[in-house]
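Please read these notes with the structure open beside you.

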Amino acid sequence: MPKLKLPRLPAPPLPPGMTPPPPRPGEGNGQGSPLDAAREAGTTVVGWVDERTSLSGGARWMMFRKVPKGTNWFYTLGSATMFAFLSQAMTGVFLAMYYDPSPTHAYESARYITNDAFLGEFVRGMHKWGSTVMVILVFLHMARTFFFGAYKYPRELNWIIGVVLLILTMVMSFTGYLLPFDQRSYWATIVGVNINGTGPLVGPYLSDFLRAGPEFGATTLSRFYAIHMMLVPGLIAALIGAHLYLVAKLGTTAPPWLKAEVEPEYREEQA
Amino acid sequence: MPKDPRQTKSKYTADRGMPGAFEGETVTRRRFMTGVTHGAGAVAAGAFALPAIGFAIGPIFEKHNVQWQDIGATDEFPTDTYVPKTITIVEGIGEAGRSTVYVRARGPQDTDKPDQYNKFIAISTRCMHLGCPVAYRQAAQRFICPCHGGVYDFQGVVTGGPPVRPLDRFYTQVRGKRVWLGPRFSVNRELRRFSPRDPGEALDGVGQYLYPSRPSVRKLPGT
(Lines give C-alpha, C1' and ligand atoms only; values in the text may rest on other atoms or scores of the structure.)
Protein backbone atom coordinates (compact mmCIF):
# COMPACT_ATOMS: atom_id res chain seq x y z
CA MET A 1 0.00 0.00 0.00
CA PRO A 2 1.41 3.40 -0.94
CA LYS A 3 1.62 5.74 2.02
CA LEU A 4 -0.81 8.65 1.78
CA LYS A 5 0.91 11.97 1.71
CA LEU A 6 -1.24 14.51 3.47
CA PRO A 7 -0.46 18.16 2.90
CA ARG A 8 0.86 19.76 6.05
CA LEU A 9 -1.37 22.66 6.98
CA PRO A 10 0.26 25.73 8.46
CA ALA A 11 -0.65 26.33 12.10
CA PRO A 12 -3.12 29.18 12.59
CA PRO A 13 -1.27 32.35 13.51
CA LEU A 14 -1.26 33.54 17.09
CA PRO A 15 -3.01 36.84 17.74
CA PRO A 16 -0.51 39.75 17.75
CA GLY A 17 -0.88 40.26 21.50
CA MET A 18 0.36 36.76 22.20
CA THR A 19 3.50 36.71 20.07
CA PRO A 20 6.55 37.57 22.15
CA PRO A 21 8.59 40.58 21.01
CA PRO A 22 11.97 39.70 19.51
CA PRO A 23 14.97 40.33 21.78
CA ARG A 24 16.67 43.67 21.36
CA PRO A 25 20.31 43.68 20.34
CA GLY A 26 22.57 43.44 23.35
CA GLU A 27 19.75 42.31 25.61
CA GLY A 28 20.43 39.36 27.87
CA ASN A 29 23.74 38.14 26.44
CA GLY A 30 23.45 34.89 28.34
CA GLN A 31 22.55 36.55 31.65
CA GLY A 32 18.81 36.68 32.08
CA SER A 33 16.99 38.20 35.02
CA PRO A 34 15.18 35.81 37.41
CA LEU A 35 11.97 36.74 35.58
CA ASP A 36 13.50 35.55 32.32
CA ALA A 37 14.59 32.32 33.99
CA ALA A 38 11.07 31.72 35.33
CA ARG A 39 9.58 32.49 31.93
CA GLU A 40 12.00 30.08 30.31
CA ALA A 41 11.19 27.37 32.86
CA GLY A 42 7.49 27.74 32.07
CA THR A 43 8.18 27.50 28.36
CA THR A 44 10.36 24.46 28.98
CA VAL A 45 7.64 22.65 30.94
CA VAL A 46 4.95 23.46 28.38
CA GLY A 47 7.33 22.48 25.59
CA TRP A 48 8.19 19.18 27.34
CA VAL A 49 4.50 18.24 27.63
CA ASP A 50 3.70 19.42 24.13
CA GLU A 51 6.55 17.47 22.58
CA ARG A 52 5.12 14.29 24.07
CA THR A 53 1.39 14.96 23.54
CA SER A 54 1.04 17.48 20.68
CA LEU A 55 -1.71 19.08 22.72
CA SER A 56 -0.98 22.61 21.51
CA GLY A 57 -2.29 21.83 18.02
CA GLY A 58 -5.62 20.67 19.48
CA ALA A 59 -5.79 23.62 21.83
CA ARG A 60 -5.14 26.01 18.95
CA TRP A 61 -7.73 24.20 16.81
CA MET A 62 -10.24 24.61 19.64
CA MET A 63 -9.53 28.21 20.57
CA PHE A 64 -8.28 30.16 17.54
CA ARG A 65 -11.19 29.62 15.21
CA LYS A 66 -12.59 31.88 12.55
CA VAL A 67 -15.93 33.28 13.59
CA PRO A 68 -18.42 34.84 11.21
CA LYS A 69 -19.04 38.54 10.95
CA GLY A 70 -21.72 39.81 13.29
CA THR A 71 -20.81 37.51 16.19
CA ASN A 72 -22.19 39.24 19.27
CA TRP A 73 -22.88 38.85 22.97
CA PHE A 74 -25.66 36.32 22.34
CA TYR A 75 -22.95 33.87 21.30
CA THR A 76 -21.56 33.81 24.84
CA LEU A 77 -24.66 32.16 26.34
CA GLY A 78 -23.31 28.65 25.70
CA SER A 79 -20.03 29.38 27.48
CA ALA A 80 -21.98 31.03 30.29
CA THR A 81 -24.04 27.86 30.71
CA MET A 82 -20.88 25.77 30.80
CA PHE A 83 -19.34 27.97 33.47
CA ALA A 84 -22.56 27.74 35.48
CA PHE A 85 -22.17 23.94 35.26
CA LEU A 86 -18.52 24.12 36.32
CA SER A 87 -19.50 26.29 39.28
CA GLN A 88 -22.19 23.78 40.24
CA ALA A 89 -19.71 20.90 39.97
CA MET A 90 -17.12 22.68 42.10
CA THR A 91 -19.48 23.89 44.84
CA GLY A 92 -21.23 20.50 44.78
CA VAL A 93 -17.99 18.65 45.50
CA PHE A 94 -17.35 20.85 48.52
CA LEU A 95 -20.93 20.52 49.79
CA ALA A 96 -20.51 16.74 49.56
CA MET A 97 -17.70 16.95 52.11
CA TYR A 98 -20.25 17.85 54.81
CA TYR A 99 -23.48 16.37 53.48
CA ASP A 100 -24.84 13.04 54.77
CA PRO A 101 -27.54 11.46 52.57
CA SER A 102 -29.33 9.47 55.26
CA PRO A 103 -32.99 10.23 56.09
CA THR A 104 -32.18 10.81 59.77
CA HIS A 105 -29.06 12.99 59.27
CA ALA A 106 -29.56 14.81 55.96
CA TYR A 107 -31.47 17.78 57.36
CA GLU A 108 -29.04 18.16 60.27
CA SER A 109 -26.00 18.06 57.95
CA ALA A 110 -27.58 20.65 55.61
CA ARG A 111 -28.29 22.82 58.65
CA TYR A 112 -24.69 22.40 59.77
CA ILE A 113 -23.42 23.55 56.35
CA THR A 114 -25.58 26.67 56.47
CA ASN A 115 -25.15 27.69 60.10
CA ASP A 116 -21.84 26.31 61.34
CA ALA A 117 -19.41 25.45 58.55
CA PHE A 118 -17.01 28.26 57.58
CA LEU A 119 -18.32 29.88 54.35
CA GLY A 120 -20.91 27.08 54.27
CA GLU A 121 -23.84 29.41 53.72
CA PHE A 122 -21.95 31.05 50.85
CA VAL A 123 -21.07 27.78 49.10
CA ARG A 124 -24.57 26.38 49.59
CA GLY A 125 -26.03 29.65 48.33
CA MET A 126 -23.78 29.51 45.26
CA HIS A 127 -25.02 25.98 44.56
CA LYS A 128 -28.69 26.80 45.17
CA TRP A 129 -28.85 30.03 43.17
CA GLY A 130 -26.39 28.72 40.61
CA SER A 131 -28.80 25.92 39.75
CA THR A 132 -31.50 28.46 38.91
CA VAL A 133 -29.01 30.52 36.91
CA MET A 134 -27.97 27.43 34.96
CA VAL A 135 -31.55 26.53 34.03
CA ILE A 136 -32.22 30.11 32.88
CA LEU A 137 -28.99 30.18 30.84
CA VAL A 138 -29.80 26.83 29.23
CA PHE A 139 -33.11 28.19 28.01
CA LEU A 140 -31.60 31.49 26.81
CA HIS A 141 -28.90 29.56 24.93
CA MET A 142 -31.57 27.33 23.41
CA ALA A 143 -33.63 30.37 22.37
CA ARG A 144 -30.56 31.97 20.76
CA THR A 145 -29.89 28.78 18.79
CA PHE A 146 -33.53 28.56 17.71
CA PHE A 147 -34.08 32.18 16.69
CA PHE A 148 -30.72 32.42 14.89
CA GLY A 149 -31.53 29.21 12.97
CA ALA A 150 -28.29 27.67 14.25
CA TYR A 151 -29.92 24.24 14.63
CA LYS A 152 -30.12 23.71 10.84
CA TYR A 153 -27.92 21.47 8.71
CA PRO A 154 -25.21 20.45 9.52
CA ARG A 155 -25.77 21.24 13.21
CA GLU A 156 -28.84 19.07 13.92
CA LEU A 157 -26.84 16.59 15.99
CA ASN A 158 -25.59 19.39 18.19
CA TRP A 159 -29.20 20.49 18.76
CA ILE A 160 -30.11 16.92 19.76
CA ILE A 161 -27.18 16.74 22.19
CA GLY A 162 -28.33 20.10 23.56
CA VAL A 163 -31.85 18.78 24.16
CA VAL A 164 -30.41 15.78 26.04
CA LEU A 165 -28.34 18.22 28.10
CA LEU A 166 -31.49 20.22 28.86
CA ILE A 167 -33.26 17.07 30.09
CA LEU A 168 -30.23 16.10 32.20
CA THR A 169 -30.19 19.60 33.71
CA MET A 170 -33.85 19.11 34.66
CA VAL A 171 -32.97 15.73 36.22
CA MET A 172 -30.28 17.52 38.24
CA SER A 173 -32.79 20.11 39.44
CA PHE A 174 -35.29 17.42 40.41
CA THR A 175 -32.85 15.16 42.27
CA GLY A 176 -31.05 18.06 43.93
CA TYR A 177 -34.26 19.54 45.30
CA LEU A 178 -34.74 16.60 47.69
CA LEU A 179 -31.29 16.78 49.26
CA PRO A 180 -31.83 19.54 51.91
CA PHE A 181 -34.54 17.16 53.19
CA ASP A 182 -36.78 19.80 54.73
CA GLN A 183 -40.57 19.84 54.46
CA ARG A 184 -40.53 21.66 51.13
CA SER A 185 -38.06 19.30 49.46
CA TYR A 186 -39.74 16.17 50.87
CA TRP A 187 -43.23 17.07 49.64
CA ALA A 188 -41.97 18.48 46.34
CA THR A 189 -40.27 15.15 45.70
CA ILE A 190 -43.40 13.19 46.65
CA VAL A 191 -45.36 15.28 44.13
CA GLY A 192 -42.62 15.01 41.48
CA VAL A 193 -42.35 11.22 41.80
CA ASN A 194 -46.13 10.89 41.60
CA ILE A 195 -46.19 13.03 38.44
CA ASN A 196 -43.81 10.46 36.94
CA GLY A 197 -46.22 7.76 38.12
CA THR A 198 -49.13 9.16 36.12
CA GLY A 199 -47.57 8.04 32.83
CA PRO A 200 -49.72 5.19 31.50
CA LEU A 201 -48.33 1.62 31.71
CA VAL A 202 -44.70 2.54 32.53
CA GLY A 203 -45.51 5.24 35.11
CA PRO A 204 -45.95 2.95 38.13
CA TYR A 205 -42.60 1.24 37.44
CA LEU A 206 -40.87 4.58 36.89
CA SER A 207 -42.03 5.99 40.21
CA ASP A 208 -41.06 2.76 41.99
CA PHE A 209 -37.62 2.98 40.39
CA LEU A 210 -37.18 6.58 41.60
CA ARG A 211 -38.29 5.72 45.16
CA ALA A 212 -36.54 2.32 45.22
CA GLY A 213 -39.83 0.70 46.24
CA PRO A 214 -43.52 1.40 46.76
CA GLU A 215 -42.97 3.92 49.58
CA PHE A 216 -40.54 6.77 50.17
CA GLY A 217 -38.02 4.63 52.01
CA ALA A 218 -34.61 4.30 53.57
CA THR A 219 -32.68 4.34 50.28
CA THR A 220 -34.69 6.92 48.33
CA LEU A 221 -32.52 9.79 49.50
CA SER A 222 -29.19 8.03 48.84
CA ARG A 223 -30.50 7.00 45.41
CA PHE A 224 -31.33 10.61 44.55
CA TYR A 225 -27.93 11.63 45.91
CA ALA A 226 -26.05 9.11 43.76
CA ILE A 227 -27.98 10.15 40.66
CA HIS A 228 -27.43 13.82 41.48
CA MET A 229 -23.69 13.72 42.14
CA MET A 230 -22.36 10.75 40.15
CA LEU A 231 -24.51 9.56 37.29
CA VAL A 232 -25.90 12.73 35.75
CA PRO A 233 -22.86 15.04 36.20
CA GLY A 234 -20.71 12.45 34.41
CA LEU A 235 -23.18 12.28 31.54
CA ILE A 236 -23.44 16.07 31.37
CA ALA A 237 -19.65 16.50 31.31
CA ALA A 238 -19.26 13.92 28.54
CA LEU A 239 -22.04 15.46 26.45
CA ILE A 240 -20.65 18.99 26.92
CA GLY A 241 -17.40 17.61 25.49
CA ALA A 242 -19.22 16.27 22.42
CA HIS A 243 -21.21 19.53 22.13
CA LEU A 244 -18.02 21.63 22.18
CA TYR A 245 -16.23 19.34 19.72
CA LEU A 246 -19.07 19.79 17.23
CA VAL A 247 -19.09 23.57 17.75
CA ALA A 248 -15.36 23.72 16.98
CA LYS A 249 -15.67 21.32 14.06
CA LEU A 250 -18.69 22.91 12.37
CA GLY A 251 -18.08 26.52 13.35
CA THR A 252 -20.71 29.00 14.42
CA THR A 253 -23.38 30.62 12.27
CA ALA A 254 -23.66 34.24 11.33
CA PRO A 255 -26.68 36.06 12.76
CA PRO A 256 -29.68 35.81 10.43
CA TRP A 257 -29.78 39.55 9.69
CA LEU A 258 -26.44 39.38 7.85
CA LYS A 259 -26.55 38.61 4.12
CA ALA A 260 -23.76 36.46 2.72
CA GLU A 261 -21.19 38.46 0.78
CA VAL A 262 -20.66 37.16 -2.75
CA GLU A 263 -17.43 37.77 -4.63
CA PRO A 264 -18.08 40.10 -7.60
CA GLU A 265 -16.97 37.50 -10.18
CA TYR A 266 -19.51 34.96 -8.89
CA ARG A 267 -22.32 37.45 -8.88
CA GLU A 268 -25.03 36.80 -11.46
CA GLU A 269 -25.25 39.35 -14.22
CA GLN A 270 -28.07 41.75 -13.69
CA ALA A 271 -30.40 41.65 -16.70
CA MET B 1 -1.13 -9.41 -7.20
CA PRO B 2 -4.35 -8.87 -9.20
CA LYS B 3 -5.32 -5.40 -10.35
CA ASP B 4 -8.29 -4.89 -8.01
CA PRO B 5 -7.66 -6.81 -4.78
CA ARG B 6 -11.38 -6.80 -3.88
CA GLN B 7 -12.24 -8.84 -6.98
CA THR B 8 -10.19 -11.88 -6.00
CA LYS B 9 -11.86 -14.75 -4.17
CA SER B 10 -8.66 -15.96 -2.55
CA LYS B 11 -9.05 -16.93 1.11
CA TYR B 12 -5.77 -15.24 2.03
CA THR B 13 -5.89 -11.71 3.31
CA ALA B 14 -2.54 -10.96 1.68
CA ASP B 15 -4.01 -11.68 -1.78
CA ARG B 16 -6.89 -9.31 -1.13
CA GLY B 17 -4.57 -6.52 -0.06
CA MET B 18 -6.21 -6.06 3.34
CA PRO B 19 -4.35 -3.67 5.64
CA GLY B 20 -2.22 -5.52 8.17
CA ALA B 21 -2.33 -8.76 6.21
CA PHE B 22 0.46 -11.25 6.70
CA GLU B 23 1.64 -14.40 5.02
CA GLY B 24 -0.77 -17.31 5.46
CA GLU B 25 -3.57 -15.40 7.27
CA THR B 26 -7.02 -16.33 5.98
CA VAL B 27 -10.15 -14.21 5.82
CA THR B 28 -11.98 -16.73 8.07
CA ARG B 29 -9.26 -16.47 10.70
CA ARG B 30 -9.46 -12.68 10.64
CA ARG B 31 -13.25 -12.74 11.00
CA PHE B 32 -12.95 -15.21 13.85
CA MET B 33 -10.43 -13.04 15.68
CA THR B 34 -12.63 -9.95 15.19
CA GLY B 35 -15.67 -11.81 16.52
CA VAL B 36 -13.78 -13.15 19.55
CA THR B 37 -12.50 -9.66 20.40
CA HIS B 38 -15.96 -8.12 20.15
CA GLY B 39 -17.49 -10.98 22.13
CA ALA B 40 -14.91 -10.69 24.90
CA GLY B 41 -15.56 -6.95 25.06
CA ALA B 42 -19.31 -7.52 25.30
CA VAL B 43 -18.86 -10.09 28.09
CA ALA B 44 -16.59 -7.71 30.00
CA ALA B 45 -19.04 -4.79 29.62
CA GLY B 46 -22.01 -6.99 30.51
CA ALA B 47 -20.21 -8.28 33.58
CA PHE B 48 -20.46 -4.88 35.23
CA ALA B 49 -23.45 -3.35 33.41
CA LEU B 50 -26.01 -6.10 34.09
CA PRO B 51 -25.38 -6.40 37.86
CA ALA B 52 -25.44 -2.59 38.11
CA ILE B 53 -28.80 -2.33 36.33
CA GLY B 54 -30.22 -5.23 38.33
CA PHE B 55 -29.01 -3.59 41.53
CA ALA B 56 -30.74 -0.31 40.59
CA ILE B 57 -34.12 -1.79 39.56
CA GLY B 58 -34.15 -4.66 42.07
CA PRO B 59 -36.17 -2.82 44.76
CA ILE B 60 -39.16 -2.61 42.37
CA PHE B 61 -39.66 -6.36 42.66
CA GLU B 62 -38.80 -6.72 46.33
CA LYS B 63 -41.61 -8.10 48.49
CA HIS B 64 -42.51 -6.08 51.57
CA ASN B 65 -44.17 -7.61 54.61
CA VAL B 66 -46.50 -5.11 56.22
CA GLN B 67 -46.59 -5.31 59.99
CA TRP B 68 -49.99 -4.91 61.59
CA GLN B 69 -49.87 -2.17 64.20
CA ASP B 70 -52.02 -1.36 67.23
CA ILE B 71 -53.69 2.05 66.82
CA GLY B 72 -55.99 2.24 69.86
CA ALA B 73 -58.95 0.87 71.80
CA THR B 74 -62.25 0.17 70.03
CA ASP B 75 -64.16 2.73 72.14
CA GLU B 76 -61.81 5.57 71.09
CA PHE B 77 -63.41 5.87 67.67
CA PRO B 78 -66.88 7.41 67.08
CA THR B 79 -68.88 6.88 63.89
CA ASP B 80 -69.54 10.55 63.07
CA THR B 81 -66.02 11.99 63.07
CA TYR B 82 -62.41 10.92 62.50
CA VAL B 83 -59.63 10.48 65.04
CA PRO B 84 -56.12 11.19 63.67
CA LYS B 85 -53.49 8.53 64.48
CA THR B 86 -49.77 8.46 63.69
CA ILE B 87 -48.57 5.25 62.10
CA THR B 88 -45.24 3.96 60.85
CA ILE B 89 -45.10 3.26 57.12
CA VAL B 90 -41.35 2.65 56.79
CA GLU B 91 -39.26 1.49 59.74
CA GLY B 92 -35.94 3.03 60.70
CA ILE B 93 -35.99 6.37 58.87
CA GLY B 94 -37.44 8.54 61.62
CA GLU B 95 -40.10 11.15 60.91
CA ALA B 96 -39.90 10.59 57.16
CA GLY B 97 -41.26 7.07 57.62
CA ARG B 98 -44.34 8.12 59.60
CA SER B 99 -47.75 9.19 58.38
CA THR B 100 -51.14 10.21 59.70
CA VAL B 101 -54.22 8.08 59.27
CA TYR B 102 -57.83 9.12 60.02
CA VAL B 103 -59.84 6.41 61.81
CA ARG B 104 -63.52 6.08 62.77
CA ALA B 105 -65.96 3.26 63.50
CA ARG B 106 -68.13 1.99 60.69
CA GLY B 107 -71.50 3.83 60.59
CA PRO B 108 -74.85 3.54 58.79
CA GLN B 109 -73.62 5.94 56.05
CA ASP B 110 -70.92 3.55 54.78
CA THR B 111 -71.77 2.04 51.41
CA ASP B 112 -68.87 -0.42 50.91
CA LYS B 113 -69.41 -4.14 51.44
CA PRO B 114 -68.97 -4.97 55.16
CA ASP B 115 -66.53 -7.69 56.18
CA GLN B 116 -64.02 -8.37 58.98
CA TYR B 117 -61.58 -5.73 57.63
CA ASN B 118 -63.79 -2.64 57.69
CA LYS B 119 -65.47 -2.63 61.09
CA PHE B 120 -63.28 0.47 61.49
CA ILE B 121 -62.59 2.78 58.57
CA ALA B 122 -58.96 3.96 58.30
CA ILE B 123 -58.45 6.64 55.64
CA SER B 124 -54.97 7.47 54.33
CA THR B 125 -53.97 11.15 54.29
CA ARG B 126 -52.22 10.72 50.94
CA CYS B 127 -54.05 12.92 48.41
CA MET B 128 -54.91 11.00 45.26
CA HIS B 129 -53.94 13.87 43.01
CA LEU B 130 -50.16 13.93 43.59
CA GLY B 131 -49.62 12.71 47.14
CA CYS B 132 -49.78 15.80 49.37
CA PRO B 133 -51.16 15.30 52.91
CA VAL B 134 -54.91 15.98 53.23
CA ALA B 135 -56.50 17.23 56.45
CA TYR B 136 -59.98 16.37 57.75
CA ARG B 137 -62.28 19.31 58.58
CA GLN B 138 -65.16 18.25 60.81
CA ALA B 139 -67.14 21.49 60.24
CA ALA B 140 -67.38 20.73 56.52
CA GLN B 141 -67.11 16.93 56.94
CA ARG B 142 -64.57 17.06 54.13
CA PHE B 143 -60.96 16.05 53.54
CA ILE B 144 -59.13 19.01 51.99
CA CYS B 145 -55.74 19.00 50.28
CA PRO B 146 -53.61 22.15 50.69
CA CYS B 147 -51.58 21.71 47.49
CA HIS B 148 -53.97 21.86 44.55
CA GLY B 149 -57.42 22.05 46.13
CA GLY B 150 -58.59 18.45 46.14
CA VAL B 151 -61.78 17.90 48.21
CA TYR B 152 -63.18 14.55 49.43
CA ASP B 153 -66.43 13.80 51.28
CA PHE B 154 -66.88 11.99 54.61
CA GLN B 155 -66.21 8.58 52.99
CA GLY B 156 -63.14 9.88 51.14
CA VAL B 157 -64.85 10.06 47.74
CA VAL B 158 -63.78 12.95 45.49
CA THR B 159 -66.22 15.88 45.45
CA GLY B 160 -63.99 18.50 43.86
CA GLY B 161 -60.57 19.35 42.49
CA PRO B 162 -58.08 17.29 40.51
CA PRO B 163 -57.87 13.93 42.40
CA VAL B 164 -58.62 10.92 40.20
CA ARG B 165 -59.96 8.46 42.78
CA PRO B 166 -61.12 8.27 46.44
CA LEU B 167 -58.58 8.35 49.26
CA ASP B 168 -56.69 5.11 49.92
CA ARG B 169 -57.66 3.06 52.98
CA PHE B 170 -55.98 0.60 55.32
CA TYR B 171 -57.25 -2.79 56.40
CA THR B 172 -58.35 -2.75 60.05
CA GLN B 173 -59.04 -5.67 62.36
CA VAL B 174 -60.45 -5.91 65.86
CA ARG B 175 -58.29 -8.05 68.10
CA GLY B 176 -59.75 -8.24 71.58
CA LYS B 177 -60.64 -4.66 72.49
CA ARG B 178 -57.93 -3.09 70.30
CA VAL B 179 -58.02 -1.90 66.69
CA TRP B 180 -55.12 -3.07 64.52
CA LEU B 181 -54.10 -1.45 61.25
CA GLY B 182 -52.79 -3.48 58.32
CA PRO B 183 -51.67 -2.90 54.75
CA ARG B 184 -52.84 -0.13 52.45
CA PHE B 185 -55.32 -0.69 49.59
CA SER B 186 -56.79 1.58 46.93
CA VAL B 187 -60.48 1.97 46.08
CA ASN B 188 -62.37 3.04 42.99
CA ARG B 189 -65.44 5.27 42.90
CA GLU B 190 -67.69 2.40 44.11
CA LEU B 191 -65.23 1.82 47.02
CA ARG B 192 -64.27 -1.57 45.58
CA ARG B 193 -60.84 -2.73 46.83
CA PHE B 194 -57.78 -2.78 44.56
CA SER B 195 -54.10 -3.50 45.16
CA PRO B 196 -52.43 -0.24 46.23
CA ARG B 197 -51.61 2.24 43.47
CA ASP B 198 -49.71 5.51 43.55
CA PRO B 199 -51.57 8.85 43.56
CA GLY B 200 -52.64 10.20 40.19
CA GLU B 201 -53.44 6.73 38.84
CA ALA B 202 -57.14 6.38 38.07
CA LEU B 203 -58.98 3.12 38.84
CA ASP B 204 -62.33 3.74 37.14
CA GLY B 205 -62.98 2.49 33.62
CA VAL B 206 -59.79 1.78 31.70
CA GLY B 207 -57.63 3.23 34.49
CA GLN B 208 -56.98 -0.05 36.31
CA TYR B 209 -55.40 -1.45 33.12
CA LEU B 210 -53.41 1.70 32.29
CA TYR B 211 -51.86 1.64 35.76
CA PRO B 212 -50.92 -1.95 36.56
CA SER B 213 -50.45 -2.85 40.23
CA ARG B 214 -47.12 -4.04 41.57
CA PRO B 215 -46.47 -7.76 41.55
CA SER B 216 -44.79 -7.34 44.95
CA VAL B 217 -47.47 -5.43 46.89
CA ARG B 218 -51.00 -6.89 46.75
CA LYS B 219 -54.29 -6.39 48.57
CA LEU B 220 -55.22 -9.21 50.94
CA PRO B 221 -56.42 -12.26 48.99
CA GLY B 222 -60.16 -12.72 48.81
CA THR B 223 -61.14 -9.15 49.72
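1. On a 1 Å grid over the protein atoms alone, a pocket is an open set of points where a 1.4 Å probe fits, with protein on both sides within 12 Å along at least five of seven lines, and its lining residues have an atom within 4 Å of a point. Grid points are joined across faces, edges and corners, and a volume is the space filled by probe spheres set on the points. This is a predicted model, in which local features need pLDDT of at least 70 and side-chain atom pairs count only at pLDDT 80 or more, while totals for chains, interfaces and linings use all residues. Residues are numbered from 1 along each chain as its sequence is written, chains are lettered from A in the order in which they are written, and side-chain values use heavy atoms, with hydrogens and water left out.

2. The volume of the largest pocket is about 1,100 Å³. It is lined by 36 residues, and those closest to its centre are His127(A), Lys128(A), Gly176(A), Pro180(A) and His228(A). Helices here are DSSP runs of H or I with at least four residues, and strands are runs of E with at least two, numbered from the N terminus. Among the elements of chain A that give two or more residues to this lining are helix H5 (120–147) and helix H6 (156–178), and H5(A) provides the largest share, 10 residues.

3. How many disulfides does a search of the whole structure find? There is one over all chains, where a disulfide is a pair of cysteine sulfur atoms within 2.5 Å. Cys132(B) is joined to Cys147(B), with an S to S distance of 2.0 Å. Because Cys132(B) lies in the loop between strands E4 and E5 of chain B and Cys147(B) in the loop between strands E6 and E7, the pair ties together parts that are 15 residues apart in sequence.

4. Cys132(B) is buried, at 2% relative accessible area, whereas Cys147(B) is partly exposed, at 38%; buried means under 20%, exposed over 50%, and partly exposed in between, with a 1.4 Å probe and protein chains only. Cys145(B) has its closest cysteine sulfur in Cys127(B), 3.6 Å away, which is too far for a bond.

5. Chain B has 28 residues in contact (heavy atoms within 4.5 Å) with 28 residues of chain A. The area buried between the two chains, meaning the accessible area (1.4 Å probe) lost on being put together and summed over both, is about 2,300 Å².
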